[in-house]
Amino acid sequence: MAKLKILEFPDPRLRTKATPVTEVDDQLRNLIADMFETMYDAPGIGLAATQVDVHKRLLVADISADKADPHVLINPEILEKDGVTVTEEGCLSVPGYFEEVERAEHIKVRFLNAQGDEIEMEATGLLAVCIQHEIDHLDGKLFVDYLSEAKRTRIRKKLVKEKRQQAAVVI
Ligand code: NI
């Protein structure tokens, strides 16, 4: 297994729309293992392939505190959503920023698991929010897109500046 590099806003590659996975094979399962390692190490509760610069429709999630509830969703499709919940969200691709985002409280989602079986699952609360956030990544969308333009610009400028400062230290 290997830890993967996570792209950070405003990297334009985060805006790529991922294409469907056509084959669930060992190569994909290796990527899934690497994504879990990367997510747990970060640490985060969800990671979309887009964030590690692989533009396939694949996400991993685990909202448990002890790595006890791993989910792999390949080609996820939301079939139903209802209710409203507001969560203070962060994102491994927007490090250090947390803002309230409104999403559906309950979803029904269809996907393939790591064995290639078709699964339908219902999710509520944090898991539902996490899956919606990660599917947004697969569509090239970030949680900052739900904020005002002024707020998004402020975050972008600060992250670009921080990155420049980090680079200056390395040199
Ligand atoms: Ni994210």
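**Exercise 1. Find which residue in β5 is the bridge partner of T87, then work out how the side chains of β5 are arranged.**

Step 1. Look across from T87: its bridge partner in β5 is V101. Strands here are DSSP runs of E with at least two residues, helices are DSSP runs of H or I with at least four, and both are numbered from the N terminus.

Step 2. Now take in the whole pair. β4 and β5 run antiparallel and are joined by 5 bridges; two strands count as paired if DSSP finds at least two bridges between them.

Step 3. Buried means under 20% relative accessible area, exposed means over 50%, and partly exposed is in between (1.4 Å probe, protein chains only).

A quick word on what you're looking at. This is a predicted model, where local features need pLDDT of at least 70 and side-chain atom pairs count only at pLDDT 80 or more, while totals for chains, interfaces and linings use all residues. Residues are numbered from 1 along each chain as its sequence is written, and side-chain values use heavy atoms, with hydrogens and water left out.

**Exercise 2. Work out the strand order of the open sheet of 5 strands and say which strands stand at the edges.**

Step 1. Trace the order: β1-β2-β3-β6-β7, with antiparallel pairing.

Step 2. Check the ends. β1 (46–48) and β7 (118–124) each have a single partner strand, so one side of each has no neighbour in the sheet.

Step 3. Zoom in on one pair. β3 (residues 71–82) and β6 (residues 106–112) run antiparallel and share 6 bridges. Here E77 stands opposite R110 in β6.

**Exercise 3. Describe how helices α1 and α2 lie across the strands, then check the span of α2.**

Step 1. Start with α1 (residues 26–41): it lies across β1, β2 (58–61) and β3, and runs at about 40° to β2. Contact means heavy atoms within 4.5 Å.

Step 2. Move on to α2 (residues 125–138). This helix lies across β1, β2, β3, β6 and β7, at about 120° to β7.

Step 3. Do the span check. The expected span is 1.5 Å times one less than the number of residues. For the 14 residues of α2 that should give 20 Å, and the end C-alpha atoms are 21 Å apart, which agrees.

Step 4. See how covered α2 is: 13 of its 14 residues are buried. Just after the helix, G140 takes a positive phi of about 80°.

**Exercise 4. Find the protein donors of the nickel ion and locate C91 and H133 in the chain.**

Step 1. List the donors: C91 (SG), H133 (NE2) and H137 (NE2), at 2.1 to 2.3 Å from the ion. Donors are N, O and S atoms within 2.8 Å of the metal (3.2 Å for Na, K and Ca); water is not among the atoms, so sites may look incomplete.

Step 2. Read off the spacing, which is C-x41-H-x3-H. C91 sits in the loop between β4 (85–89) and β5 (99–103), and H133 sits in α2, 42 residues apart, so the pair links distant parts of the chain.

Step 3. Buried or exposed? Both C91 and H133 are buried.

**Exercise 5. Classify the aromatic pair of F36 and Y40.**

Step 1. Know the rule. Rings of Phe, Tyr and Trp (its six-membered ring) pair if their centres lie within 6.5 Å; planes under 30 degrees apart are stacked, over 60 edge-to-face, and the rest tilted. The count comes to 1 aromatic pair.

Step 2. Apply the rule: F36 and Y40 are 5.8 Å apart, centre to centre, with 20° between the planes, and count as stacked.

Step 3. F36 and Y40 are 4 residues apart in α1, which means about one helical turn separates them.

Step 4. Finish with accessibility: F36 counts as buried at 12%, and Y40 as partly exposed at 22%.

Terms used:
Axes fitted to C-alpha atoms, helices over the stretch in contact; angles between N-to-C directions.
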